[in-house]
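Take a look at the model below. The text that follows starts with how the chains meet and then turns to the fold inside each chain.

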Number of protein chains: 2
Amino acid sequence: MTKQDLIECHDRIKPFIHNTPVLTSRLINDMTGTHFFFKCENFQRMGAFKMRGAANAIMQLSEEQKRNGVVTHSSGNFAQALSLAAQGLGVKAYIVMPNTAPQVKKDAVRGYGGFVIECEPTLEARERESKQIEEKYGATFIHPSNDDQVILGQGTACMELLEAYPDLDFVVTPVGGGGLIAGTALAAHYFGKQCKTIGGEPLEVDDAYRSLLSGKIETNETTNTIADGLKTQLGDRNFPIIQQHVGEIIRVKEAEIVTAMRILWERLKIVCEPSSAVAFAAVLNQKEKFKGKKTGIIISGGNVDLAHLPF
Amino acid sequence: MTKQDLIECHDRIKPFIHNTPVLTSRLINDMTGTHFFFKCENFQRMGAFKMRGAANAIMQLSEEQKRNGVVTHSSGNFAQALSLAAQGLGVKAYIVMPNTAPQVKKDAVRGYGGFVIECEPTLEARERESKQIEEKYGATFIHPSNDDQVILGQGTACMELLEAYPDLDFVVTPVGGGGLIAGTALAAHYFGKQCKTIGGEPLEVDDAYRSLLSGKIETNETTNTIADGLKTQLGDRNFPIIQQHVGEIIRVKEAEIVTAMRILWERLKIVCEPSSAVAFAAVLNQKEKFKGKKTGIIISGGNVDLAHLPF
């Protein structure tokens, strides 16, 4: 994927996304000795960066493909992103969700015009159901993170951040399925001046950390983390990009995630997900490395249940 | 106070404040039929619009006055604002606080370099203590809301909002001591095109509503509201401006404030105070009036205790 691919992607999706604000806080800077720039994708449409990749992936389909709709399996932000992006583009979105998914998530997908198909809560059942929809309707499957067009779309958040602040030393993102960090790493490579991409990952689901060490895609045996957007694993499209362009993945404990999240809520005054706090927690974990450095943080999303906060 | 006063005030305080972002949400617009523009003063330095007025008031002092410091009595955002503004300007700030004020508020003031003086939790004790500091140190008393320079400073948030969105039909603010709404009304008058200023006020502390009706400054017998920034009453400097330039004050119930606050947190993804939600609640209370209208909302501040949320 080239610099030009990113530029064209950004131009293409601009009408469907917000160029989200970048917040700064002297208090947080003073607290850490790092100069932070928080790219607030929690203010993105539907509340997360996933809107970018979803819009781009649908826009790159042929007219015939668009007529037949798109399908994905997700109970998280990508389900809502694909639904909303599809709605804006006049495309039908089939969303396969486990029947155990919270009602509020199903309602959110339907609210954005997505068509919810429920299945048993296993990966096998989800994939089988998706396959059936592909066959039945001719719908195109869009993977939430392991898809070149999705990766490019996710990279546009970092492009915008570097447009505003071209001389960042670091950009830090959470690592889940790998779409965001891969896109970010491409954008930092093409548009930064020596801007290094760093990942933050919960210690409890450190598959990406272990994958970089072993040189092959590792999985998680358990996924016991509050950062529920990061339980997924890397894929064959994004892993090579991560291997090539990501300097390091920093692992953080659950308590560090909650502390970081609380600082972001209290000091930056934003509602963000635990996943978003993972990137910030990674910097707090390695304060010396980032001391005096201009550090961008991608605040990935803001979809939380206010009735179940960890503080 | 003239248009030129506001322009000069804004130029003066610019180095000490953020031009805070304006957020929009199609979801909230669709929900209400109103086109909202949320001016996010919760992202202001120290977390509230009060920074603007505090900075302006101190900057307008003579060099001799600056040398002798400033004093106020407040346990809320103005205590922090005056401390932080004074710190940035090399001026000493004496903050008289009731000895019952939460430790976290005293710590915040001290964190911003303010000098805390504790007193009995009565208005009489506060005023006596302030007076003593004025006499002892030659410090200048700065009122949190009933001061022309403070009023001008608070008006700059609306100036920035109208710079970005010149054709607003309404701008809505919460009403507490009257500094914010008076400054906003002046800015809307001078810089808007037919932009009407509306106030939102808790029914439980509807002194401003009653003052507009009676033509004289009314007080509250009880102050039983979650919007603890709005328990104060109008003053002789801001009341005439409010009488002249504010179209209406809409009163809202406590449950409406909590509902509005929840929508802002969940949909706009911001951490804001109950006081901030009062302005938005006022629009929700009178949906027909604002239908199809471009409506600015001043989100006044974001200083909340995450351990004591109303939801």
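**Where the chains meet**

Across the interface of chain B and chain A, the rule finds zero salt bridges. This is a predicted model. Polar contacts are there, however: six residue pairs between chain B and chain A, both partners at pLDDT 80 or more.

Which elements of chain B give two or more residues to the side that touches chain A? They are α2 (26-32) and α12 (254-268) of chain B. Of the elements, α12(B) gives the most to that side, with four residues. Sorted by class, the side of chain B that touches chain A has 14 nonpolar, six polar and five charged residues.

Now the extent of the contact. It takes 25 residues from chain B and 25 residues from chain A. The size of an interface is often given as the accessible area lost when the parts come together. Here the area buried between chain B and chain A is about 2000 Å². Carbon and sulfur atoms give 61% of that area. Three residues, B:R26, B:K269 and B:L306, supply 33% of the area that chain B buries against chain A.

**How the copies are related**

The same surface serves both copies, and 100% of the contact residues of chain B recur in chain A.

Strands of a sheet pair through backbone hydrogen bonds, either parallel or antiparallel. Chain A has an open sheet of four strands, in the order β5-β4-β3-β6, with parallel pairing. β5 (115-119) and β6 (140-141) of chain A stand at the edges. Each has a single partner strand, so one side of each is left without a neighbour in the sheet.

Follow one pairing more closely. Strand β4 (residues 93-98) of chain A is joined to β5(A) by five bridges, and the two run parallel. Within this region, A:M97 stands opposite A:E118 in β5(A).

Turn to chain B. An open sheet of four strands is found there, with the order β5-β4-β3-β6 and parallel pairing. Its edge strands are β5 (115-119) and β6 (140-141) of chain B, each pairing on one side only. Five bridges join strand β4 (residues 93-98) of chain B to β5(B), and these strands run parallel. Opposite B:F115 in β5(B) stands B:Y94.

**A tie across the sequence**

Over all chains, the structure holds 34 salt bridges. A:D167 forms a salt bridge with A:K294, and their closest N and O atoms are 3.0 Å apart. Why does this pair tie together parts that are apart in sequence? A:D167 lies in the loop between α8 (148-164) and β7 (170-174) of chain A, whereas A:K294 lies in strand β10 (residues 294-299) of chain A, so the pair links parts that are 127 residues apart in sequence.

Technical notes:
Residues numbered from 1 in each chain as written. Chains lettered and ligands numbered in written order. Predicted model: local features only at pLDDT ≥ 70, side-chain atom pairs only at ≥ 80, totals over all residues. Heavy atoms only, no water. Contact = heavy atoms within 4.5 Å. Buried area = accessible area lost by both parts, 1.4 Å probe. Salt bridge = Lys/Arg side-chain N within 4 Å of Asp/Glu carboxyl O. Polar contact = N/O pair within 3.5 Å; in protein donor to acceptor, adjacent residues only side chain to side chain. Nonpolar A, V, L, I, M, F, W, Y, C, P; charged D, E, K, R; others polar. Pairing = 2+ DSSP bridges.
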